Amino acid sequence: MGLAVDVGIILLYFAAISAIGLIMGRREKTLKGFALGGRSIPWWAVMASIIAAETSAATFLGAPTEGFKKQSLAYALLTFGVIIGRWVVARWFIKPFYMYRVYTVYDYLDIRFGPRTKNFVSGLFLVMRTLASGTRLFIPSIVMVLAWQVMQNGGQPVVVSQKPVDAVTPYLIAIVLLSILTGIYTVKGGIKAVIWTDVVQAGLMFTAALIAMGTLLYNIGGFGELVHLVPKMGTLQGYFVSGFDRASIQDWQVAQKMIPAGADPLPMNALGYLKEIVTNDYTLISAVIASTAMNVAAFGTDQDMVQRLLTSETAAKARRSLMAAAVMDIPIAGLFTFIGILLVAYYKLNPAYQPKAQADVFGSYILNVMPTGLRGLVLAGVFATAMGSLSAALNALATSATNDFYVPFLARKGPVDQSQILRAARVFSVIFAILMIIVAGAFAYLKVKNPDIGIIPVVLGIAGYILGPMLGVFLLGMFTKGRGNDQGNIIALIAGLLATSILGDLPGKISPAWSLHLGWQVSFTWFALIGAVAVVLVGIWFKTSPETLAKAEEQAQAAESNDDLPVSLR
């Protein structure tokens with residue numbers, strides 16, 4: 001009976017969210033409506049959509065895993081860079097996007113440098129977002145498979161001694177089902193369906209997290225017991241990791257196999273401290289510097305994130321949405337990381353429920369411990385975060401493929417029919433959904449073979465490999481008046497990708513085949529900064545032609561006088 005109630009709640013959620021998506025986006029007839037919502041979405045809805053997109057299932061299940069592994073709020077330190085990074089985007093990036101009335105952020109690169117830069121960077125985005133969002137798509141399947149195990153067990157808890165899932169097929173079935181449910185309203189309704197379903201999903205996600213925290217505190221006996229069960233929370237290390245303190249250095253040297261566990265840390269010189277900072281995932285330095293670059297890259301160059309901002313009526317409203325979402329990120333990141341710490345305490349008291357794979361720690365608690373009804377609501381919250389990020393990624397990928405490649409192709413052949421463009425956008429949505437299913441299935445295979453692969457490092461690492469070089473090109477355009485051109489930017493972008501591959505490393509030995517390692521396997525948090533710096537250092541040696549700068553001025557004037565058509569049709 002209990003499982004029936006939970007399943008009923010989840011099915012009701014799926015039905016309601018699909019209906020909302022189909023109703024809100026049913027009248028879209030043009031690419032402007034499908035991709036930009038007619039530039040008429042309220043700022044608060046855009047804010048909620050940003051929160052829903054960035055708080056994906058990777059955060060819902062991955063952030064508790066990080067808190068569980070580190071036994072501290074160190075992961076939440078990255079939100080320091082959120083405020084700074086988004087202020088940079090709000091201050092310098094949003095204005096030119098609105099001045100040129102772009103459909104994708106890569107339109108700006110076409111105007112500022114030329115079509116080859118736009119096509120190369122837009123192509124990088126299509127690859128990066130398909131890989132990163134495909135990987136994230138795997139994550140809710142973890143909970144769906146655990147739920148299936150509980151049902152097979154007659155509703156009884158799935159205890160740690162039971163055989164873990166060691167086949168890809170159950171995950172693949174869950175991935176396909178979730179993709180179909182999300183794809184139905186995304187393909188039909190476009191960005192309006194995405195944003196208005198995100199509003200509901202953001203509220204459900206936050207409510208589910210609060211419920212989970214409340215039940216965990218109740219089950220361990222309150223905040224007082226937490227410090228007793230997780231001693232680290234009684235020290236500064238539980239809340240703040242500078243990277244220079246004795247405990248951080250000791251932990252790092254143990255991880256680097258420089259000293260055995262429990263031994264006193266070795267003395268370090270300046271080079272040693274530098275290596276410790278850039279190879280550690282979560283420190284104060286990475287939170288302020290590396291996370292800032294990561295956030296500028298995500299919200300200034302990633303169409304998946306920027307597309308919501310472009311649905312606002314004005315640049316001022318877009319800035320308000322962006323900064324309000326940034327402020328909300330701090331308690332959200334702290335909440336999900338804190339859940340992981342509470343899980344450490346809970347499993348010390350109830351070890352029978354602790355799963356073998358750390359990625360399953362939150363999912364196991366939801367399914368095995370939470371009471372009927374609340375369990376269904378929290379599971380709906382997991383699916384809400386997954387569907388919110390998936391629908392947004394599908395719409396952004398379809399918009400970029402259509403606007404940046406298909407529309408220019410049609411424009412070269414003659415008059416363009418808006419209905420033909422809209423059909424193409426919907427077809428691209430289906431294509432990218434299939435590609436993401438393939439990526440999610442591949443990651444499921446890797447996860448089955450290596451259960452200890454970290455979810456968040458992989459997702460952010462994939463994005464960082466490509467977002468960094470993309471950021472470098474945008475920095476050239478935004479902060480110089482005459483540097484960078486089509487030829488030089490391609491060379492610079494390749495240099496940025498090589499620099500990140502040489503210095504970077506993804507956990508679980510899933511780095512690109514061309515990746516080289518020189519002894520310093522830089523943390524994923526620094527990928528964006530490395531790539532951006534490399535691109536700027538190379539690209540700044542190439543000069544923008546006067547003709548290109550003159551055409552940019554003409555485009556600014558054309559944006560004010562046309563009917564807000566795609567850049568290729570003006």
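**A tour of the aromatic pairs**

A search of the whole structure finds 19 aromatic pairs, where rings of Phe, Tyr and Trp (its six-membered ring) pair if their centres lie within 6.5 Å, and planes under 30 degrees apart count as stacked, over 60 as edge-to-face and the rest as tilted. Select tyrosine 106 and phenylalanine 474: their ring centres are 6.4 Å apart and their planes stand at 65 degrees, so this pair is edge-to-face. The pair links distant parts of the chain, 368 residues apart, with tyrosine 106 in helix H6 (residues 105-112) and phenylalanine 474 in helix H18 (residues 455-479). Helices are DSSP runs (H or I, at least four residues) numbered from the N terminus, and strands are runs of E of at least two.

The model is predicted: local features need pLDDT of at least 70, side-chain atom pairs count only at pLDDT 80 or more, and totals for chains, interfaces and linings use all residues. Residues are numbered from 1 along each chain as its sequence is written, and side-chain values use heavy atoms, with hydrogens and water left out.

Colour next by accessibility, where buried means under 20% relative accessible area, exposed over 50% and partly exposed in between (1.4 Å probe, protein chains only). Tyrosine 106 is buried at 0%, and phenylalanine 474 is buried at 0%.

Move to phenylalanine 428 and phenylalanine 432, a tilted pair with 6.5 Å centre to centre and 35 degrees between the planes. Both lie in helix H17 (residues 418-449), 4 residues apart, about one turn of the helix. Phenylalanine 428 is partly exposed at 23%, whereas phenylalanine 432 is buried at 8%.

Finally, select Phe97, Tyr100, Tyr106, Tyr108, Phe125 and Phe474, which form one aromatic cluster.
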